[in-house]
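Here is a friendly walk through one protein model, for reading with the structure open beside you. Have a look at the display first.

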Amino acid sequence: MNLVPKKNSDFSTTEYWDSFFTKRKATFEWYGNYENLKRLLTKYISVKDVILISGCGNSDLSLNLYCDGFINLTSVDNSKVVIANMNNKHKNKYPGLVYEIEDILNTKYADEKFSAIIDKGTLDALIADGEVECLTRAMKMFDEIKRILKFGGRYICVSLLQYHIAKFIFSYFSENGWIIRVCQCTEVEDSPDFNGQPVFMVVCTKLNKIPGANPVLEWNPDGLTNERLDSINYLLEIVIDTQKSVSMCFDLTKCQMEDISNNYRFEINCSQTKKPRYTIIIVESPTQKNPNKMTFAAFVVPQGREHEWLFSSEEGQDTLRRNCNVDRLAIISMHRGQIYKNLKQVQGELSRLMLKIAPQGVKRRGETILFLSLGELKDRKIIMESKSEYSGNFVVEEEIGEKDETYRRLVFLNMPHITQSEAKLLTENGEIKIDYSHFQSDYIPYLGLGVGILANRLNRESKILLIGLGGGVLTNLLLNAYKNVNIVALEIDKVVYKIAKEAFGLLEDSRLEVNIGDGLEYICNAVKNNDKYDAVVYDVDAKDPTLGLSGPPKAFLRQDILNNIKSLIGKDGLFLLNFICRASDVKAEILNVLKTNFKQLTSLKIPDDICKVLLAGNSDKAFDAHLLEQTAAYMNQCTKSNPLIACDVIDISALKENIEDIQF
């Protein structure tokens, strides 16, 4: 039985609906049944209202309202077939139910007869597309509604709110001075026969237009909270975003995502501040795709640990999923600047969303969503925030770790899940100090290991050019470990230099010279001045990590710059890089360039981290395990003898397995 019209315009014809209701006598509910809509609908009508239900079809809406005490009801439709059917169906048992043949574009009713008009799908059928003919009919219907609705009365339109429909209804009634409130019918989305298209209830309250007054536009996502909006465009944007998010959740539930990857990411904004409150990353098993068999859990990332490999990289996220023993894992990160009382609050805010993105089998089995984490929430306190000319807005914040230790971190907000610098704080005699033995990642000691090759070999002071001071953690390590090392550190951002001194305990003495300027320009000028260095170290991040390369920027690896590096370090010098690259093709390209330019190229991988430390040089001596282990022993001896560190900084037993010889 084919009930779909040949063209959209047929939805507005009497002939189509007569044929539809002749073929389909069973009740047909557009956009949810009464129970799906009751909570919202009964907020905007009372039993005293004189109610018109337009385009009633053979829906049970009128009957359900009548049984709930709304007895002043008139239900109309332009299909003689359906009105005859409804009268025959209800006239004996419910004589008070009134069904009349009426064209809502031109009714017989007196002016301001009704205090409420309910439209469940009629507008959508009338304005099935944005063609002029449809818009003209819709204009006539709105004009008629305006005529027969009392002052202060409500036109309640249940609709899918396609863009052309939403724009038309918002524009018409706002121009006439009516209050417009758009509600999301969330109970429809929770029903077992939901098809993925969210349903909205637009409540338009009739008022007289006040010249010069701004339109009153409100968004009500939950039936409780009203948000006043500034423009129709903003309201349209919210509707579109809601449609996209609901559709995405539906596809996740059914495992129908078109994206071929197994990771999906979206943000949840705070209703008060409109700023991101949660970031949700969905990680799925690459093998189990049956929505009825998949298992599911949610994992709340401890504040301040979002940057860790386990939570920030695809490999780490999938490892976390497998450790949680589920087919789909929602990884939840919290945003700085937001207040979270405890895990119970987070769970309460997100439980409904987690049900919406869980595979459908989870709900069918009646399972409760499992929320996992690593202990209770810890405090996160911002101690400094400002804006940098080069890196944008930043914060320096302090966070409490698992063992109640305090960490201080520098974060640029354009890359909020990447910690630029980290220091562990110590308290001695009531005074807060920097723990110089703590390193956020092994890449810092491994860069220090590269410098140690020179410090251990040379019988003179070595001169190091460091591109990228950052928080000064690497600089502090080199100064503490090696007495015969002199450093020229380049930092393009004077704000970062200030942070290094004030927040991260930068050790400034005669062996350190900090220059504020562009590293590329400095390298070129140094060659012109015939300067020489024993090592050049790159510890500089790329400002656009979307290219798959987080550091160093590609400009620092151009052939002319590499030629300059080779000139600065000569045959016996070293070129050391903190190399962070997620894109395999970009990684292969850069390693190939380096291999072409340097006789020796070795990588030190960092377990559970995307960073690698690259050691390059043009001497005949390879960076083999013997040399590196010998240097690590020397470096540990140096750091243990310095009271500011007083411990080993390199695990020699693990060093050998982290050495990667780069072959092509």
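The notes below cover the model itself, its sheet and its nonpolar cores.

## About the model

This is a predicted model, in which local features need pLDDT of at least 70, side-chain atom pairs count only at pLDDT 80 or more, and totals for chains, interfaces and linings use all residues. Residues are numbered from 1 along each chain as its sequence is written, and side-chain values use heavy atoms, with hydrogens and water left out.

## The sheet

Look for an open sheet of 9 strands with mixed pairing, in the order S3-S2-S1-S4-S5-S7-S6-S8-S9. Strands here are DSSP E runs of at least two residues, and helices are H or I runs of at least four, each numbered from the N terminus; two strands pair if DSSP finds at least two bridges between them. Strand S3 (98–101) and strand S9 (227–229) are the edges, each pairing on one side only.

Strands S1 (residues 51–54) and S4 (residues 114–120) run parallel and are joined by 4 bridges. Within this pairing, isoleucine 53 has isoleucine 118 of S4 as its bridge partner.

## The nonpolar cores

A nonpolar core is a set of buried (under 20% relative accessible area, 1.4 Å probe, protein chains only) Ala, Val, Leu, Ile, Met, Phe, Trp, Tyr and Cys residues joined through side-chain atoms within 4.5 Å. The largest has 62 residues, and Tyr482, Ile487 and Leu604 have the most contacts inside it. Helix H14 (residues 443–457) gives the largest share of this core, 9 residues.

A second, separate core has 41 residues, including Phe114, Cys157, Val182 and Cys204.

Notes. Buried < 20%, exposed > 50% of the residue type's maximum accessible area, 1.4 Å probe, protein only.
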